[in-house]
Amino acid sequence: EPVESVLFRELQVDEEYFAALKDAIADDLDLFNADNVSEVLSKYLGSSIRVTDTDD
């Protein structure tokens, strides 16, 4: 079958932002109904996070 469209999205962040994001998630795990930060990231963002150098 021919492909009619493809869509890809990702969250691009630097190391500092990613650390702050994980801290914010850790502060409110109950909101996400999760036991840890890794579970939240996997559940809501999957593999769609790209952490880049601040120089990029």
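Me: What pattern does the protein chain follow, read along the sequence?
Reply: The pattern is β-α-α-α-β. In total the secondary structure comes to 3 helices and 2 strands. Keep in mind that this is a predicted model.

Me: Ok, predicted. What is the mean pLDDT of the chain?
Reply: The mean is 91, and 95% of the residues reach 70 or more.

Me: And which elements have the lowest and the highest mean pLDDT?
Reply: Strand 2 has the lowest, at 92, and helix 1 has the highest, at 96.

Me: How much of the chain is buried?
Reply: Buried residues make up 18% of the 56 residues.

Me: Which residues make up the largest nonpolar core?
Reply: There are 8 of them: Val13, Phe18, Ile25, Leu29, Ala34, Val37, Val40 and Leu41. Helix 3 gives the most, with 3 residues.

Me: Why would residues like that sit together?
Reply: In soluble globular proteins, nonpolar side chains tend to be buried together.

Me: Pick one from the core. What does valine 37 touch, leaving aside neighbours within four places in sequence?
Reply: Valine 37 is in contact with Lys22, Ile25, Ala26 and Leu29. Two of those contacts, Ile25 and Leu29, are also listed in the core.

Me: Back to helix 1. How far apart are its end C-alpha atoms?
Reply: They are 16 Å apart. That agrees with expectation, because 12 residues at 1.5 Å a residue should span 16 Å.

Me: What goes on at the start of helix 1?
Reply: A side-chain oxygen of aspartate 14 reaches to within 3.2 Å of the backbone nitrogen of glutamate 16.

Me: New topic, serine 48. Where is it found?
Reply: Serine 48 lies in the loop between helix 3 (37-45) and strand 2 (49-52).

Me: Is serine 48 buried or exposed?
Reply: Serine 48 is buried, because its relative accessible area is 18% and the cut-off for buried is under 20%.

Me: What is serine 48 in contact with, again leaving aside neighbours within four places?
Reply: Serine 48 is in contact with Arg9, Glu10 and Leu11.

Me: Last one. Of the contacts between residues at least 6 apart in sequence, how many join residues at least 24 apart?
Reply: The share is 48%.

Definitions and conventions:
Residues numbered from 1 in each chain as written. Predicted model: local features only at pLDDT ≥ 70, side-chain atom pairs only at ≥ 80, totals over all residues. Heavy atoms only, no water. Helix = DSSP H or I, 4+ residues; strand = E, 2+ residues; numbered from the N terminus. Buried < 20%, exposed > 50% of the residue type's maximum accessible area, 1.4 Å probe, protein only. Contact = heavy atoms within 4.5 Å. Core = buried A, V, L, I, M, F, W, Y, C linked by side-chain atoms within 4.5 Å. Expected span 1.5 Å × (residues − 1). Polar contact = N/O pair within 3.5 Å; in protein donor to acceptor, adjacent residues only side chain to side chain. pLDDT = per-residue confidence, 0-100.
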